[in-house]
Amino acid sequence: MKKLIFFGVLGLFILASCNSTVTHTHNEHDHEAEGHNHATEDHDHSAHGDESGERHSHETAGSHLETAEAHSDEIILPKVKAEAAGVKASIIEPAPFQQVIKTSGQVLAAQGDESVAVATVAGVVSFRGKVTEGMSVGNGTPLVTISSNNIADGDPVQRARIAYEVSKKEYERMKALVKNKIVSDKEFAQAEQNYENARISYEALSKNHSAIGQNITAPIAGYVKSILVKEGDYVTIGQPLVSVTQNRRLFLRAEVSEKYYPYLRTISSANFQTPYNNKVYELQALNGKLLSFGKTAGDNSFYVPVTFEFDNKGEVIPGSFVEVFLLSSPMENVIFLPRTALTEEQGSYFVYLQLDEEGYRKQEVTVGADNGKNVQILSGVKAGDRVVTEGAYQVRLASASNAIPAHSHEH
């Protein structure tokens, strides 16, 4: 009995001890965890929580925020991609420029450099081989044959030959009779005149005559400018057939509004842009010179003509209508950029400033005079700015594809 009581008390004691140990261990674990948390907090404070660390943290965060705001409009274009896209930038420097009068005009063949092959007989046209506009021809190259067969008046060459032979016989007969005073000098002179006229006519016609008809040749060496008839057309004597141009010198005729008349005396040269290749030509580089400007407007017109002459390098088509930039009074210390530097959006013009090796920023500008190649900048950029002069649209595409919320590259 005493043993049972002893073991029962002992069991209660052990149970109590176990409960106390488990509870203590659990609490101790919690305290250790809390201690760990405090340690972690201490660790955080050591990095951020103490006064210097916290200030550093806030200052760093504030600095990054300010940097992000400062570069929120920055466009990132890696150097490798920029080079592949042909992006180039230059530092702006003021330079001389000229006032510009923008108008329209036409390129014309210069006088003496163009000639027209005309029909020497009446008949039906047939082309000698393939005659096309723009083809090169030499002086005397056959272009067209005119056949007079089956025409009521007959072959003009045969008629000229018969007239020549008859007049020649009459002239020789009169020549023998005039010595003996059988015919008068007046009659002999008339016979001689008829003979000479018939000879000239026959020689002219027979010169380019063949079995198939009368050959019409190129009057000068050059290029076929225009073909004025079609295969099978009937033509009369003197009718234009083919126009040939040498294209060595050309005229540029600009039509200027009357309101610019006071400034015409200041015009020194011009640039012009062609519609077929959008290339801008400078007369100064083409040995161009101002010939004249009109003193009055034309009939039923409000425009005054201004005419230049220049060398043709083989790229300009006579007869084409062009956009003309008349260069007037000089201006000093002007900020200007090539046209390739500008992009247009809804009537406003923008350029892209290069901030560093990979960073760019879009900048709105106000434009002034435009000479076809360069554009005067009135506001938006200043001397010393580095501006993208080539590949501006590639930078614009990059701005649409990589808008950044914060600064994402190192300077």
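Strand β10, residues 222-227, gives the lining of the largest pocket its largest share, three residues. Strands here, like helices, are DSSP runs numbered from the N terminus, with at least two residues in state E for a strand and at least four in H or I for a helix. The pocket holds about 290 Å³ of space. For the term itself: on a 1 Å grid over the protein atoms alone, a pocket is an open set of points where a 1.4 Å probe fits, with protein on both sides within 12 Å along at least five of seven lines, and lining residues have an atom within 4 Å of a point. The volume is the space filled by probe spheres set on the points, which are joined across faces, edges and corners.

There are 15 lining residues, and the closest to the pocket centre are G134, Y223, N247, V316 and P318. By class, the lining has five nonpolar, six polar and four charged residues. Asp, Glu, Lys and Arg count as charged; Ala, Val, Leu, Ile, Met, Phe, Trp, Tyr, Cys and Pro as nonpolar; the others, Gly among them, as polar.

A word on the source. This is a predicted model, where local features need pLDDT of at least 70 and side-chain atom pairs count only at pLDDT 80 or more, while totals for chains, interfaces and linings use all residues. Residues are numbered from 1 along each chain as its sequence is written, and side-chain values use heavy atoms, with hydrogens and water left out.

Mean pLDDT (the predictor's confidence in each residue, from 0 to 100) is 78, and 76% of residues reach 70 or more. Over residues 1-70 it is below 50, and that stretch has twelve contacts beyond near neighbours in sequence. Contact means heavy atoms within 4.5 Å. Residues 404-411 also stay under 50, with 19 contacts beyond four places in sequence.

Back to β10. It belongs to an open, antiparallel sheet of four strands in the order β4-β12-β10-β6. Strands pair if DSSP finds at least two bridges between them. The edges are β4 (114-118) and β6 (136-137), each pairing on one side only. β6 meets β10 over two antiparallel bridges, and S136 stands opposite Y223.

In β12, residues 240-245, look at S243. Is S243 buried or exposed? Its relative accessible area is 3%, so it is buried; the cut-offs are under 20% for buried, over 50% for exposed and partly exposed in between, with a 1.4 Å probe and protein chains only. Beyond four places in sequence, the contacts of S243 include E114, V116, Y223 and K225.
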